[in-house]
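Trainee: I'd like to go through this one with you, starting with the ligands and then the backbone. Can we take it piece by piece?

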Amino acid sequence: MAKPISLCHWGAFEAEVSKGRLTATSPWKGGGADADMIGALPELVYSDRRVSQPHARESWLRHRDRSDGAARGRDKMIPIDWDLALQLAAEEVQRVRDTSGYRSIFAGSYGWSSAGRFHHARSQVRRFFGTFGGFTDQVGNYSWGAAQIILQHVVGGHEAVSGAATSWDSIAGNTDTLVAFGGLNPKNWRVTSGGAGFHHMPDHIERAHRKGTKFVIVSPVADDIPPQSNAEWIAPRPGTDTALMLGLCREMLRRNRADLDFLDRFCSGGDTLISYLEGKSDGQEKSLEWAAGIADIPVETLMALADRIETGRVMLTASWSLQRAHHGEQTHWALIALAALLGQIGLPGGGFTFGYGSLNAVGQGARKGLVPSLPIPGNPANMAIPVARLADMLENPGKTIAFNGGHVTFPDTKLIYWAGGNPFHHAQDLFRLERLWARPDTIIVHEQFWTATAKRADLVFPATTSLERSDIGGSSRDPHVFFMPKLIDPVGQARNDFDIFSDLADLTGTSSTFTEGRDEDAWLKHLWRGTEEKASRQGLAAPEFETLKEQNIWHVAPPETPEIYLEAFRRNPAEHALETPSGRIELASPRISSFGYDDVPGHPAWMAPAEWLGNAQGHELALLTRQPKKFLHSQLGQTSLAEAPTICVHPCELAKRTLAEGDPVRVSSPRGACLASITVSQMVRPGVAIMETGPWFVGGPADVDSGGNPNALTPDIATSTLAQATAAQTCLVTIEPVAD
Ligand SMILES: Nc1nc2c(c(=O)[nH]1)N[C@H]1C(S)=C(S)[C@@H](COP(=O)(O)OP(=O)(O)OC[C@H]3O[C@@H](n4cnc5c(=O)[nH]c(N)nc54)[C@H](O)[C@@H]3O)O[C@H]1N2
Ligand SMILES: Nc1nc2c(c(=O)[nH]1)N[C@H]1C(S)=C(S)[C@@H](COP(=O)(O)OP(=O)(O)OC[C@H]3O[C@@H](n4cnc5c(=O)[nH]c(N)nc54)[C@H](O)[C@@H]3O)O[C@H]1N2
Ligand SMILES: [Mo]
C-alpha cells in the first residue's frame with residue numbers, strides 16, 4: 001500500500017504509521033526536502049516537551065487577575081481538566097471585554113503556526129476574536145515588514161516581496177549577471193510558508209550557471225551561496241548595502257550608462273534621486289569611493305562590479321535580511337533605483353526580485369491562489385499595532401506613534417491570547433519583553449510544546465500537530481496542493497485549535513458565527529469549493545474533494561509562460577499603471593516626503609544605522625542572526641537536530657581575545673547577554689559574528705540567557721517611523737570567555 005503523504009513547512013513527506021504510532025517520515029520522492037528535518041517529525045511529535053493536558057499557573061489559578069504577573073515563568077504550572085480550563089478562558093475573555101473593552105484583548109498572535117490552511121492556528125485565533133467582537137491585532141510581519149511598506153509607495157504593492165518574482169526559467173539563458181545582496185543561502189530553501197512539494201532551488205542555480213549566468217554575492221558571509229555557482233564574493237560591512245547600491249547608481253550615471261529613457265517613461269522622481277546622487281542636495285556625491293569607504297571594501301572591487309553590471313542582462317536581488325535592519329526600507333528602495341537606472345525591469349531575466357535566497361520556491365513559477373485559506377472576518381475593534389511593536393505596546397498604553405502616514409494609539413492590554421507563534425523566540429530584546437510580559441492580567445497560550453512562551457503563560461491549552469488532524473495545505477509559490485490526512489490520534493489530551501475555539505465560542509455565545517455550523521470535514525469541503533471555483537476561472541479543473549483525498553496531491557499545471565515581474569507594466573505602462581500616486585515606479589515619493597519623518601527622506605538615501613561597524617567601539621562585533629539551518633525558527637529545537645548554540649567569527653577575532661575555538665563565551669550587548677561556544681570560519685568577514693536564531697530562550701539572572709538565544713542581545717528598535725518593522729540585524733556585541 002502506498003504510504004500516506006503529508007506536508008509541513010519544511011516540505012512534503014511520506015509517513016509510516018504502525019499500530020497507530022508514527023514510526024518514520026522521509027521526504028516525498030522527487031520533492032527534495034531536507035531529510036534530517038523531515039526525519040525528525042516522529043521525534044518532534046512524541047517529544048517529552050509536548051504539553052500533555054491543560055495547565056494553569058499556580059498563583060493565577062488562585063488569584064486570577066490579581067496574581068503577580070512577574071512570577072510568570074517561575075510559578076509552578078498545575079495540570080487541570082479541560083472543562084475547567086475552557087471555563088476559565090471563557091470567563092477571562094468576557095471579563096476583560098466587559099471591564100476594559102475589546103481592544104484590551106491582544107490576539108495578534110504572530111507566528112508561522114503549522115502547514116495546513118484550515119487548522120492554521122494564527123488564522124483560527126484571529127477568526128475567533130473577529131467573531132467574538134474584536135481584539136487588538138498585529139499588521140505586517142517579521143520577515144519583510146519594512147519592504148511591505150516601502151514597496152507600496154515605490155511600486156504600488158508588496159507583491160515583489162510577497163509573491164511575484166521573475167522566474168528561474170526566465171533567468172536561465174537570459175541573465176548574464178545575477179547580483180545577490182545577502183546571497184542565495186541554500187539553507188533557507190528548506191522551508192516555505194505553507195509547505196512546498198518542490199525544493200529545486202539548487203537545480204535552478206545550477207542550470208543558470210551552466211547556461212552562463214555569472215553570480216556575484218554581496219554578503220559579509222561567503223557561505224551565502226551554493227559552492228557550485230562559482231560566485232564572486234564581495235564582503236561589505238553589515239548594514240551598508242544601501243550605500244553600495246547608491247554608489248553603483250551614481251557610477252552608472254557618471255559612465256553615461258544610466259537608461260534615462262527608462263526613467264522618463266516608467267519612473268517618477270528620477271531628478272530628485274539624481275540630484276541626491278550627485279550631491280547637489282546634501283553636498284556629498286555618492287561616488288564609488290564614498291560607498292567603498294562606508295562598506296569598507298576596496299574601491300577597485302566596486303569598479304569591477306560596475307564594469308560587470310554595465311553590460312549584459314542583469315538581475316538584482318536582495319535577501320529579506322537586508323531590510324530587517326535599522327533603515328531597512330532603504331535597501332529595497334535603493335535596489336529598485338539601481339535596477340531602474342539599468343533599465344531592464346520587466347525584461348526576461350532582468351530587473352529586480354526580492355528574496356530568491358530567502359525562501360524556497362521564490363521564482364519557482366507556480367499559479368497563485370489555488371491553496372485555500374480560512375476566511376478571517378474583519379476586526380470590529382478596528383485596532384492593530386505594527387507587528388514588532390509588541391513590547392512598546394505593553395510598556396506604553398495610551399501612547400500614540402506614527403506609522404506609515406497614520407497613527408496608532410497603543411491599547412491598555414489586559415489579556416494576551418497567543419496560538420501558533422512564539423514571541424519568546426521571535427521578538428527582540430527578550431529580557432525587556434519578559435519584564436513587560438508581567439503587566440497584563442492574564443496570558444493564554446495554545447501550544448503543542450512547552451516553549452519559552454508557553455512556560456510564561458497563565459493558562460496553556462495543548463494543541464494538536466498537523467499530523468493529528470486532516471487539512472489541505474500548500475504554498476502559493478509551489479505548484480502542488482496537498483490533502484493532509486490525519487495520521488495519528490492526538491498525543492496526550494491535545495485538541496485542535498479549531499475545537500478549542502469552537503468550545504469557547506459555545507461558552508461565549510458566538511458559536512454560530514465562528515463555526516458557521518461546520519465541523520472539520522465540512523470546512524475542508526467548503527474551502528475546497530472555493531479552490532474549484534478559482535481553478536475554473538483560470539481554465540483549470542481541480543479534482544473533486546474526494547478525489548483529492550484519494551490522490552493526496554494535486555499537481556497544478558505551471559503558467560504557460562515564465563513569470564517576468566512588471567512585464568505587463570513595461571509593455572503598456574498606461575494600461576498596467578502601478579498603484580502608486582504617479583502610476584509609475586517612484587524613485588522619489590512626494591507622499592513619503594509629506595509624512596515629514598526625519599528618519600525617512602523622500603528618496604532612497606544612506607543613513608548610518610544606530611549600531612554598525614562604523615561606530616563600533618573597541619572589541620565590538622556586528623552580530624547577524626540568521627535563520628537556522630535545520631530548524632524552522634524555534635520549531636525542531638526540541639529534537640536531536642538541536643545543537644549547542646554557537647557564535648561564529650573570523651579566526652582573527654580569537655587572537656584578539658585570547659580565546660580558542662570551542663571555548664564557552666558570554667556574548668553581550670547593552671540589552672543583555674547569552675551563552676554560546678565560539679567557532680571560526682574563513683567565510684566570515686572580520687568584525688562580524690554569526691548566530692542562528694532558534695535556541696530556546698531560558699532566561700536567567702543578571703539578564704544572561706543560558707539558552708543561548710541571540711534575541712537576548714538584539715535591540716527592539718524600529719526600522720523607521722514609516723514601517724515600524726523589526727531591526728534585528730542592527731546589533732553590536734562583545735564576546736568574553738566564561739568558565740565552562
Ligand atoms: N534576531 C532575529 N530574530 C528573528 C528573526 C531574525 O532574523 N533575527 N527572524 C524573524 C522572522 S523572519 C520570523 S518569521 C519570526 C518567526 O517567529 P515564529 O513564527 O513565532 O517562530 P516559530 O518557532 O515558528 O513559532 C511557531 C510556534 O507555533 C507553534 N505551533 C505550530 N503549529 C501550531 C498549531 O497548530 N497550533 C498551535 N497552537 N501552535 C502551533 C510551534 O510549536 C511554535 O512554538 O522570528 C523573527 N525573529
Ligand atoms: N532553514 C530555514 N530556512 C528559513 C527559515 C528557517 O527558520 N529555517 N525561516 C524562513 C523565514 S521566516 C524567513 S523570513 C526567511 C528569511 O530569509 P533571509 O532574511 O534571507 O535569511 P537570513 O538567514 O536571515 O539572511 C540571509 C543572509 O543575509 C546575510 N546578511 C545579513 N545581514 C546582511 C547585510 O547587512 N548585508 C548583506 N549583504 N548581507 C546580510 C546573512 O549572511 C545571511 O546568511 O528565511 C526562511 N527560511
Ligand atoms: Mo520570517
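Mentor: Let us settle the residue classes before anything else: Ala, Val, Leu, Ile, Met, Phe, Trp, Tyr, Cys and Pro count as nonpolar, Asp, Glu, Lys and Arg as charged, and the others, Gly among them, as polar. Please also keep in mind that this is a predicted model.

Trainee: Okay, how does the shell around ligand 1 divide into nonpolar, polar and charged residues?

Mentor: The shell around ligand 1 has eight nonpolar, 23 polar and four charged residues. Of the 35 residues around this ligand, the ones that come nearest are Ser114, His426, Glu447, Ser634 and Asn711.

Trainee: Which polar atoms sit by the nitrogen and oxygen atoms of ligand 1?

Mentor: On the nitrogen side, a polar side-chain atom of Asp497 lies 2.8 Å from a nitrogen atom of ligand 1. Taken on its own, ligand 1 has 920 Å² of accessible area, and the protein covers 99% of that.

Trainee: What are the distances for the polar pairs of ligand 2?

Mentor: An N or O atom in the side chain of Arg324 is 2.6 Å from an oxygen atom of ligand 2, and for Ser358 the corresponding side-chain distance to an oxygen atom of the ligand is 2.8 Å. A polar backbone atom of Pro628 is 2.8 Å from a nitrogen atom of ligand 2. As for cover, the protein takes up 98% of the 910 Å² of accessible area that ligand 2 has on its own.

Trainee: Now the backbone: which residues have a positive phi although they are not glycines?

Mentor: Ala361 is one of them, with a phi of about 80°, and Asp703 has a phi of about 55°. Such values deserve a look because most residues other than glycine have a negative phi.

Trainee: Is Ala361 buried or exposed?

Mentor: Ala361 counts as buried because its relative accessibility is 2%, and the cut-off for buried is under 20%. Ala361 is placed in the loop between β13 (351-354) and β14 (384-386). Asp703, by contrast, is partly exposed at a relative accessible area of 24%, and its place is in the loop between β28 (688-692) and β29 (704-705).

Trainee: Last topic, which strands does β27 pair with?

Mentor: Strand β27 (residues 673-680) runs parallel to β25 (residues 646-649), with four bridges joining the two, and one bridge pairs Thr646 with Ser677. Five bridges join β27 to β26 (residues 664-668) in an antiparallel arrangement, and β26 and β27 form a hairpin with four residues between them. β27 also runs parallel to β29 through two bridges.

Trainee: What are the bridge partners of Ala673?

Mentor: Ala673 is the bridge partner of Ser668, and in β29 its partner is Val704.

Conventions: Residues numbered from 1 in each chain as written. Chains lettered and ligands numbered in written order. Predicted model: local features only at pLDDT ≥ 70, side-chain atom pairs only at ≥ 80, totals over all residues. Heavy atoms only, no water. Polar contact = N/O pair within 3.5 Å; in protein donor to acceptor, adjacent residues only side chain to side chain. Areas by Shrake-Rupley, 256 points an atom, 1.4 Å probe, with all protein chains shown as cover. Buried < 20%, exposed > 50% of the residue type's maximum accessible area, 1.4 Å probe, protein only. Near = heavy atom within 4 Å. Pairing = 2+ DSSP bridges.
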